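Please read it with the structure open beside you.

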Amino acid sequence: MKSFLLWFSCCIISVFSAQYQQSSDFESCSTVDLKLGQCVTIKNCPSALSILEHRPLSAQDLDYLSKVNCGYQGRDPKVCCALSETDGGGSVTTVTEIVTKHPPVSGDLHSNLLPSLNECGTLSSDRIVGGKEADLDEFPWMALVEYQKTNGRGFYCGGVLISKRYVLTAAHCVKGKDLPRDWRVVSVRLGEHDLSSEVDCAKGSDGDEYCSDKPVNVPVTETIAHESYDPLSIDQHHDIALLRLIRNVDLTDWIKPICVPTTAALLNDKYSGVNMTVAGWGKTESRSESNVKLKLNLQVKDNTHCQSVYRGRVNFGLGQLCAGGELGKDSCRGDSGGPLMAIDTKLTGVYYVYGIVSFGPNPCGLEGWPGVYTRVTEYVPWIISKLKP
């Protein structure tokens, strides 16, 4: 705190004369009134910066500034700034723009770069009877991540489409310790069901045959792993990444984004005891399981239970959740980087992504050992901060 106050007393004039700059590292945080925020330089937070206009600073002002301090970027202090004060990329806006663009909605988050609820999380129909194999038109947001290797290309991770331009996946699929150095993410495949056939068909409940469109491969122009992810850490905290596609994809019955939870009600729920679904082709950096998209229902466990199971092996963080633990049922039937998802039956009736497949016991499917997922609700501010048109 002393160093923080010293900075203000010595450099307060330079704050006003400096041009507004964007922070290069946005971390999620909680504001003093327990709202979701981003840790940005004070130059990029209007409310904190406005305090400096009332000089001399009161003891109350100094106390508040010390409480919101969340680090430094070079010599500039960083503060936990309410997400409603940024434009989604961390750049500062005027007070009028804040009120117009981000009206306060009880802790809800907003981004016009994410699809609206009538554009995401919906299935085309219920015409096909399902089973352990996912239905042909089920989970149209599923993605396969393709890598360029020395001897060709292959799919070795999964992901989930969250907008026309971005796929959400695991950081270990981008910079993991098990990822060979000469592998490079080059594209994602969307609209896939069975990798062994070019066009997939199935019979609906009415007896008619339905066929999907051909899947599409979309080049990836940028891989964005969370800045705090450490591939060598056994805890695998912050195991989340975004893949920016070369273009906006065309949405069809077979390609749709899943919804990202942005309302306060969804963000604050811990989902213990909730049944969710993990899906994928069982492809990871080191194994290849199935040509056909599979699904599995799992129950989310309380983090205290997860910590007790993994005690001495993994230190659980707030950004993680675990699910499953039944004999022979685990997310190794899904992809690394694939989604743990559920329908919000109470409010919207659409699918949301709540987890990203991170890691689990080896061998997978051990009784009493749930798989570990990145808790998406803890990273929504980070996700929004990275999106670009």
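1. To begin with the charged pairs, and bearing in mind that this is a predicted model, the structure holds 8 salt bridges. Three of them are taken up in the next two points, with the exposure of the residues that form them.

2. Lys177 and Asp178 form one of these salt bridges, with their closest N and O atoms 3.5 Å apart. Lys177 is exposed, at a relative accessible area of 55%, and Asp178 is likewise exposed, at 52%. The pair of Arg189 and Glu192 can be set beside this one: their side chains meet in a salt bridge at 2.9 Å, N to O, yet Arg189 is buried, with a relative accessible area of 18%, and Glu192 also counts as buried, at 3% relative accessibility.

3. A further salt bridge joins Glu198 to Lys214, where the closest N and O atoms are 3.4 Å apart. This pair links distant parts of the chain, since Glu198 sits in the loop between β8 (184-190) and β9 (201-203) while Lys214 sits in the loop between β10 (209-211) and β11 (216-225), 16 residues apart. Glu198 itself is exposed, its relative accessible area being 54%.

4. The largest nonpolar core has 52 residues, of which Trp141, Tyr147, Ile162, Leu168, Val188 and Leu242 touch the most other members. The elements giving two or more residues to this core are β5 (142-149), β6 (152-161), β7 (166-169), β8, β11, β12 (241-245), β17 (351-359) and α8 (380-386). Apart from this core lies another, of 18 residues, among them Val278, Leu296, Val350 and Val357.

5. Which residues does Ile162 contact, leaving aside its neighbours within four places in sequence? Ile162 is in contact with Leu114, Pro115, Leu168, Leu242, Pro257, Ile258, Val260 and Ile383. Two of these partners, Leu168 and Leu242, are themselves listed among the core members that touch the most others.

6. Val186 has its place in strand β8 and is buried, with a relative accessible area of 9%. Leaving aside neighbours within four places in sequence, Val186 is in contact with Glu146, Tyr147, Gln148, Arg153, Val218, Pro219 and Val220. The C-alpha atoms of Val186 and Lys149, which are 37 residues apart along the chain, are separated by 9.9 Å.

7. Two backbone angles deserve a look when you check the model. Most residues other than glycine have a negative phi. Gln236, although not a glycine, has a positive phi of about 55 degrees, and His238, also not a glycine, has a positive phi of about 60 degrees. Gln236 lies in the loop between β11 and β12, and His238 has its place in the loop between β11 and β12 as well.

Methods
Residues are numbered from 1 along each chain as its sequence is written. This is a predicted model: local features need pLDDT of at least 70, side-chain atom pairs count only at pLDDT 80 or more; totals for chains, interfaces and linings use all residues. Side-chain values use heavy atoms; hydrogens and water are left out. A salt bridge is a side-chain nitrogen of Lys or Arg within 4 Å of a carboxyl oxygen of Asp or Glu. Buried means under 20% relative accessible area, exposed over 50%, partly exposed in between (1.4 Å probe, protein chains only). Helices (H or I, at least four residues) and strands (E, at least two) are DSSP runs, numbered from the N terminus. A nonpolar core is a set of buried Ala, Val, Leu, Ile, Met, Phe, Trp, Tyr and Cys residues joined through side-chain atoms within 4.5 Å. Contact means heavy atoms within 4.5 Å.
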